[in-house]
Amino acid sequence: MPARHRAGAPRGAPSTSEGRQVGKLQAGQVRAMFDRIAGVYDPLNTVMTAGLHHRWRARAAQEAQVGPGSRVLDVATGTGDMAIELARRVAPGGEVIGSDFAEGMLDRARAKAATVGDAGVRPRFEWADAMELPYTDGSFDAATVGFGARNFDDLGRGLAEMARVVRPGGRVVVLEITNPTRPPLSLFYGLWFDRFVPVLGHLAGALGGLSARMRGGAAGSSIADAYTYLPSSVKRFPGPRALAGEMERAGLTQIHYLITAGGIVAIHAGTVPAQGA
Ligand SMILES: C[S@@+](CC[C@H](N)C(=O)[O-])C[C@H]1O[C@@H](n2cnc3c(N)ncnc32)[C@H](O)[C@@H]1O
């Protein structure tokens with residue numbers, strides 16, 4: 001049962017395959033990293049979450065409170081799973097745009113959307129920087145971001161941009177991994193994220209490096225580095241209460257969040273206030 005809430009220091013930084021400390025990456029580095037790992041992103045997501053990530057996105061999409069005819073934006077859409085989930089909910093007559101700044105991820109999203117059964121609405125995938133969304137004020141019924149906000153250069157600005165493009169009364173939804181605080185899950189999570197995920201990245205990196213060498217390139221260490229960066233980015237991200245505060249500062253109201261998956265996933269939702277409210 002997810003815990004519902006109303007809205008309020010990282011340990012030693014891990015190091016990359018070359019022994020460098022993992023710090024916060026600049027936007028250009030984040031984009032380049034996702035471009036490089038686009039090919040392994042979906043299979044590694046499935047292994048890391050035991051396939052549960054689809055369920056988490058479905059729960060987050062529910063919080064967007066959209067239905068047939070709605071127009072929805074999925075920011076930092078990556079390989080497009082959330083956009084595809086939303087498209088099912090807005091048919092018939094709705095529209096879903098998935099935006100991201102990594103073309104490698106967008107290519108996967110477009111290919112995936114072309115293979116899912118046409119339920120009447122197929123998401124459109126567009127290049128856009130979440131820090132400066134190229135959409136007019138109030139032009140969507142809801143905006144979502146799944147596992148992307150922790151990569152934003154400026155979280156407050158990204159949230160404010162999402163709030164800006166949603167009409168008054170519409171929702172902004174943030175789905176993120178969070179740090180469980182209570183044992184035994186916090187202990188298991190520490191092992192899983194600090195030990196297993198980087199090892200998984202190294203394995204995928206070794207396989208990626210092998211196939212890249214066969215093609216004359218070298219992608220292995222960058223895959224390994226990306227999956228060392230992942231746990232550190234989660235630790236740096238604000239906890240559920242602090243994120244609710246960031247959403248409030250971004251101009252949203254009626255903020256609530258639920259913690260699910262035994263405490264490792266947080267889904268926040270806020271409403272764009274009526275003009276003049
Ligand atoms: C961990 S992936 C999440 C992808 C997808 N939303 C999902 O649920 O699997 C993070 C995505 O955020 C994108 N991203 C990070 N910062 C961004 C920004 N400023 N503008 C657009 N996309 C961004 C990355 O390119 C990447 O595709």
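The model is predicted: local features need pLDDT of at least 70, side-chain atom pairs count only at pLDDT 80 or more, and totals for chains, interfaces and linings use all residues. Residues are numbered from 1 along each chain as its sequence is written.

**Around the ligand**

Of the 21 residues around the ligand, Ala 76, Gly 78, Ala 102, Ala 130 and Gly 146 come nearest (a residue is near if its C-beta atom, placed from the backbone, lies within 6 Å). Two or more residues each come from α1 (27–49) and α3 (81–90), and α1 gives the most, with four. Helices here are DSSP runs of H or I, at least four residues, numbered from the N terminus.

**Two helix pairs**

How do the axes of these helices lie? Here is a summary.

| Pair | Axes | Angle |
|---|---|---|
| α5 (155–165) and α8 (240–249) | within 8 Å | roughly 55° |
| α1 and α4 (103–115) | 7 Å apart | about 30° |

Axes are lines fitted to C-alpha atoms over the stretch in contact, with angles from 0 to 180 degrees between N-to-C directions.

Which residues meet? Leu 155, Gly 156 and Leu 159 in α5 touch Glu 246, Met 247 and Arg 249 in α8, where contact means C-beta atoms, placed from the backbone, within 7 Å. In α1, Phe 34, Asp 35, Ala 38 and Tyr 41 meet Glu 103, Gly 104, Met 105 and Arg 108 of α4.

Terms used:
Contact = placed C-beta atoms within 7 Å.
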